[in-house]
Amino acid sequence: MKLVDGFQRRINYLRLSVTDRCNLRCRYCMPADGVTPIGHEQVLRYEELERIARCAVNLGIEKIRVTGGEPLVRKGILPFLKRLGAIPGLQELVLTTNGVLLPQMTEALRDAGVRRLNISLDSLWPERFTQITRCGDLAKVLAGIEAAEQVGLPVKLNMVVIRGFNDDEIEDFATLTRQRALAVRFIEYMPAVVDDGWQQRVVPGREILTRLQHRFELNELDRSGLAGPSRDFRIAGAEGSVGVITPVFDHFCERCNRIRVTSEGKVRSCLFDGEEVDLKPVLRGAQEGDLEALLWKIVANKPQCHQMSGTEHGGNLLAGAPTMSAVGG
Ligand code: SAM
Ligand code: SF4
């Protein structure tokens, strides 16, 4: 039977985090002093992740996004992706990455069955990029994007827009789509690290769209079947597209079709809801039970809507998860 929650939402999208480790330290994702990594024994082995994926596909999951931390830093990721890509019934295998290691991996990723890359990129200015990632080299990510285009892997660029920091680059990012078949998506900044006064730093999606409409002629695109939460547009005559993802000011809970599994094997039905079901004891034989029942349990309790809004105070609102990198974005 296919997964459906208590509000008749069909759950067909799994975000699977394969590691909590990362080769960057983005300011909006991790605290300045980093995070204590999960012990190696606690991180699920590839066989365990694959068991979860197969079980989820049996229950109607059609799209799997591999994420992290940074998924490309985990040893053995390519053979793992290949095994995931071969699961009968899975329609889309996609990957979210910071792009740093992409230049040497794009061909292998395509051959492993990855259909599309989401690459996180928040600035086109080298110094600003290093500032936001605390250590990253923009040239490597740009080379990664080009390498993906060269091997024919479709690319979505995710830009987290932060007022007073990179919102002056919105139009430059949109301009990239004129000559290149890139899908640029502007994401509302979410309070995932302690950041008092974060509300002032969120640029609402509708403001982003107004700014884009001021500068470009935008035509809205239809939403396709397994499309994510973004509202997408094409600048007249452009090769690529632009879109906004608005978790804060215009949440998309009524269309939410996803569950998340962390690299330690905890499944969550909502980024902003603390309920988790631990799959590891069953995977490792320490507890009786079956995975299907555990996935059903979390889906049955999926909240109708998250409670986070642009008016809340305080810091990390990820409800129990230490960081965005731990929960996979
Ligand atoms: N390391 C990979 C990457 O950066 O693409 C995958 C993991 S990252 C946690 C997944 C996504 O979460 C990225 O696109 C990142 O920009 C987004 N993200 C992390 N913290 C965020 C925040 N505070 N607000 C909005 N998006 C955030
Ligand atoms: Fe790493 Fe991605 Fe988080 Fe940046 S957003 S610190 S690249 S996990």
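The model is predicted, so to speak of local features pLDDT must be at least 70, and side-chain atom pairs count only at pLDDT 80 or more, while totals for chains, interfaces and linings use all residues. Residues are numbered from 1 along each chain as its sequence is written, chains are lettered from A and ligands numbered from 1 in the order in which they are written, and side-chain values use heavy atoms, leaving out hydrogens and water.

**The sheet**

- Twelve strands make up an open, mixed sheet, running β7-β8-β9-β6-β5-β4-β3-β2-β1-β10-β11-β12. Strands here are DSSP runs of E with at least two residues, helices are runs of H or I with at least four, and both are numbered from the N terminus; two strands pair if DSSP finds at least two bridges between them.
- At the edges sit β7 (218-220) and β12 (276-278), each pairing on one side only.
- From one strand to the next, the twist averages 25° (axes are lines fitted to C-alpha atoms, for helices over the stretch in contact, and angles run from 0 to 180 degrees between N-to-C directions).

- β7 and β8 pair antiparallel through three bridges, with N219 opposite R234 of β8.
- β8 and β9 also pair antiparallel, over three bridges; D232 has G243 in β9 as its bridge partner.
- Five residues lie between the strands of the β8 and β9 hairpin, where G237 takes a positive phi near 80°.
- β9 (residues 241-245) runs parallel to β6 (residues 183-188), joined by five bridges, and I187 has I245 of β9 as its bridge partner.
- Helix α7 (residues 205-215) packs on the sheet and touches β5 (155-161), β6, β7, β8 (231-235) and β9, contact meaning heavy atoms within 4.5 Å. The helix direction makes about 155° with that of β9.

**Ligand 1**

- Of 19 residues around this ligand, Y28, G69, T96, S120 and M190 come nearest (a residue counts as near if one of its heavy atoms lies within 4 Å).
- A polar contact is a pair of N or O atoms within 3.5 Å.
- A backbone N or O atom of T97 lies 3.2 Å from an oxygen atom of ligand 1.
- Alone, ligand 1 exposes 540 Å², and the protein buries 94% of that (Shrake-Rupley areas, 1.4 Å probe).
- β3 (92-97) and β5 are the elements giving two or more residues to the shell around ligand 1.
- That shell has seven nonpolar, ten polar and two charged residues. Ala, Val, Leu, Ile, Met, Phe, Trp, Tyr, Cys and Pro count as nonpolar, Asp, Glu, Lys and Arg as charged, and the others, including Gly, as polar.

**Ligand 2**

- Around ligand 2 are C22, L24, R25, C26, C29, G69, N98 and S325.
- By class, the ligand 2 shell holds four nonpolar, three polar and one charged residues.

Conventions. A polar contact is a pair of N or O atoms within 3.5 Å; within protein, one must be able to donate a hydrogen and the other to accept it, and residues adjacent in sequence count only if both atoms are side-chain atoms.
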